Amino acid sequence: LNLNNNKKLIELSCYGNKLTQIHLSNCTELTNINCARNLLTTIDINNNSQLTELWCSNNQLIQINLENNILLSELICASNQLSQLDLYNNTELTELWCSNNKLTQLYLNNNTKLTYIRCENNQLSILDLTENTELQELWCKNNLLSQLDLSNATKLFYANCGINQLTEIDLSNNTALQSINLADNPLETIYVFEGYSFTLGKPETTQVVVK
């Protein structure tokens, strides 16, 4: 799909085809791209600096260069072959969906506006969320996490952290929490605030301690 002559194009929806290449380098006014469910192994969006939404899930992408997409607020790149994802320049991100990839690292310290994160079914051993104070929903199940600090995520209302290696978790600051799934972790202790009312999906042997 070669759209390089369509220089005034603002939105592109080409999902659910058999595309292996998309040429967009001259489409400098593009704000929205939905190219999900194709056969893409690469996508060049270096010249698309006005981009705010990118949906590229269910392709065969090995990497995505987002360095020049500083206005990006929504990134849906699930079900690809990504082993790394550099989001350092994407400070406007509010929604990130990168589940079902091969990620071993995910640094989000610069993405302080994130409200929604789905990174389940990867190979993450570390997930630092200390700077993500706007976070409301988190899906990080089926990774390799042995610890998870949610103390600064005071707006969090839902989390699915099942199938990890967590032995304890401190939820004493998460007063907005409505439900959290902690099943299939070797949990020994969960710290909660006094009078907590959220739903805990957890092993029955786990001790709940008011902090």
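## Aromatic pairs and charges over rings

In this predicted model, the count of aromatic pairs comes to four. One of them joins tryptophan 97 and tyrosine 116 in an edge-to-face arrangement, with 6.4 Å from centre to centre and 65° between the planes. This pair links distant parts of the chain, since tryptophan 97 belongs to strand S5 (residues 95-97) and tyrosine 116 to strand S6 (residues 116-118), 19 residues apart. Tryptophan 97 is partly exposed, its relative accessible area being 28%, whereas tyrosine 116, at 16% relative accessibility, counts as buried because the limit for that class is under 20%.

Another pair is formed by tryptophan 139 and tyrosine 158, whose ring centres lie 5.3 Å apart with the planes at 50°, so the pair is tilted. Here too distant parts of the chain are linked, with tryptophan 139 in strand S7 (residues 137-139) and tyrosine 158 in strand S8 (residues 158-160), 19 residues apart. Tryptophan 139 counts as buried, with a relative accessibility of 17%.

| Charged residue | Ring | Distance to ring centre |
|---|---|---|
| arginine 118 | tryptophan 139 | 3.9 Å |
| lysine 211 | tyrosine 191 | 5.7 Å |

Tryptophan 139 therefore takes part in two of the contacts described, as it pairs with tyrosine 158 in a tilted arrangement and has the charged end of arginine 118 sitting over its ring.

Key:
Residues are numbered from 1 along each chain as its sequence is written. This is a predicted model: local features need pLDDT of at least 70, side-chain atom pairs count only at pLDDT 80 or more; totals for chains, interfaces and linings use all residues. Side-chain values use heavy atoms; hydrogens and water are left out. Rings of Phe, Tyr and Trp (its six-membered ring) pair if their centres lie within 6.5 Å; planes under 30 degrees apart count as stacked, over 60 as edge-to-face and the rest as tilted. Helices (H or I, at least four residues) and strands (E, at least two) are DSSP runs, numbered from the N terminus. Buried means under 20% relative accessible area, exposed over 50%, partly exposed in between (1.4 Å probe, protein chains only). A charge sits over a ring if NZ of Lys or CZ of Arg is within 6 Å of the ring centre and within 35 degrees of the ring normal.
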